[in-house]
Amino acid sequence: MKKRGISPEQAKKIREEKGIEDTKLQKMRVAKGFSQKDLSVVTGVTVRTIQCYEQRTRSIDSARLKTLCALALGLNCRIADILEDEKLIDRYKMVR
């Protein structure tokens, strides 16, 4: 059976050519060695939702707290580490 899609290396090259910067979620996921499917299994967040956050078609800054907690726990990081909006990050830091 032929594998569908493109490799992560090819996708990264395309993003670089188009000047698209990786999201914090994507950088964290790749650094931990997870595929989107792996992260989905660990967190219970659907692959499609993770894709939307990484492609910026849906803002992770607007995600439900339950989703943010699941992603942060799955990646063993703080919620602030995967958020994009600096003002929101500062607000999360104040709550600690």
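The model is predicted, so local features need pLDDT of at least 70 and side-chain atom pairs count only at pLDDT 80 or more, while totals for chains, interfaces and linings use all residues. Residues are numbered from 1 along each chain as its sequence is written, and side-chain values use heavy atoms, with hydrogens and water left out.

I begin with the salt bridges. With a side-chain nitrogen of Lys or Arg required within 4 Å of a carboxyl oxygen of Asp or Glu, the count is five. One of them pairs lysine 24 with glutamate 86, the closest N and O atoms being 3.6 Å apart. Lysine 24 belongs to helix H2 (residues 24-31) and glutamate 86 to helix H6 (residues 86-95), so this pair ties together parts 62 residues apart in sequence. Helices here are DSSP runs of H or I, at least four residues, numbered from the N terminus. Lysine 24 is partly exposed at 26% relative accessible area; that class lies between buried, under 20%, and exposed, over 50%, using a 1.4 Å probe and protein chains only.

Arginine 78 and aspartate 81 also meet in a salt bridge, at 2.9 Å from N to O. Arginine 78 is partly exposed at 41%, as is aspartate 81 at 23%.

I turn now to threonine 43. This residue is found in helix H3 (residues 36-43) and is buried, with a relative accessible area of 14%. Its side chain reaches the backbone oxygen of leucine 39 at 2.7 Å. Leaving aside residues up to four places away in sequence, threonine 43 touches Ala70, Leu71 and Gly74, where contact means heavy atoms within 4.5 Å.

How values were computed:
Helices (H or I, at least four residues) and strands (E, at least two) are DSSP runs, numbered from the N terminus. A polar contact is a pair of N or O atoms within 3.5 Å; within protein, one must be able to donate a hydrogen and the other to accept it, and residues adjacent in sequence count only if both atoms are side-chain atoms.
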